[in-house]
Amino acid sequence: MSIKTQDHVTHSPHEMQQLELLRQHRRALRGQALASLAHTEPLDSPPLRRGQRLADQVASTIGSWRFILIQSSAIAIWITGNVLVGENAWDPYPFILLNLLLSFQAAYTAPAIMMSQNRQSELDRKHAQTDYEINVKAELEIELLHEKIDLIKEQELLALTETVRELSAQVRLLTARS
């Protein structure tokens with residue numbers, strides 16, 4: 001049994017069901033894609049915890065040119081100040097206190113940056129999975145469309161064959177009369 005649609009192409013109930021499932025899935029994926037564009041997080045992910053927000057802020061701050069310039073200026077001022085003061089400097093050469101402060105900074109910022117990168121990596125995996133699902137559904141829909149086109153071509157070929165038979169029969173009748 002076939003069902004006629006607006007385009008005058010017949011679809012079996014199974015094909016109609018497949019098309020409807022594909023359309024529903026596509027609508028759901030479009031909704032998720034719009035949500036991920038509106039937010040940095042998909043709607044189904046839990047809100048960021050305080051530590052995650054802090055890790056993201058640390059990573060974005062330390063990964064900026066502003067931070068590099070400010071830190072470089074502070075180090076230059078520290079070294080220049082200690083060299084100019086001379087023997088009575090608060091951190092004379094080889095600047096052990098400066099080394100300690102920079103090591104302390106590195107010890108705390110590296111894990112924060114890693115946490116932020118891990119979270120971003122998880123988001124990227126989710127986006128890749130969504131992209132994969134969209135591609136699979138598109139492939140299925142294209143395959144279904146190819147089957148539809150093949151079916152339409154087959155129907156047209158059958159109709160043309162039938163028309164040729166009818167015309168051949170008419171030609172035979174006309175040649176037989178003459």
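Contact here means heavy atoms within 4.5 Å. Helices (H or I, at least four residues) and strands (E, at least two) are DSSP runs, numbered from the N terminus. The structure is a predicted model, in which local features need pLDDT of at least 70 and side-chain atom pairs count only at pLDDT 80 or more, while totals for chains, interfaces and linings use all residues. Residues are numbered from 1 along each chain as its sequence is written, and side-chain values use heavy atoms, without hydrogens and water.

Confidence is given by pLDDT, the predictor's score for each residue, from 0 to 100. Its mean over the protein chain is 85, and 84% of the residues reach 70 or more. Among the elements, H3 has the highest mean (96) and strand S1 (residues 3–4) the lowest (44). Over residues 1–8 pLDDT stays under 50. Where pLDDT is low, the predicted coordinates should not be read in detail.

Phe67, Gln71, Ile75, Trp78 and Ile79 of H3 meet Leu97, Leu98, Leu101, Leu102 and Gln105 of H4. By class, this contact has 8 nonpolar residues (Ala, Val, Leu, Ile, Met, Phe, Trp, Tyr, Cys and Pro), 2 polar and no charged ones (Asp, Glu, Lys and Arg are charged; the others, Gly among them, are polar).

The loop between H3 and H4 holds proline 94 and phenylalanine 95. The peptide bond from tyrosine 93 to proline 94 is cis, with omega near 15°. Phenylalanine 95 has a positive phi, near 55°. Most residues other than glycine have a negative phi, and most peptide bonds are trans. Phenylalanine 95 counts as buried because its relative accessibility is 10% (buried is under 20% relative accessible area, exposed over 50%, partly exposed in between; 1.4 Å probe, protein chains only).
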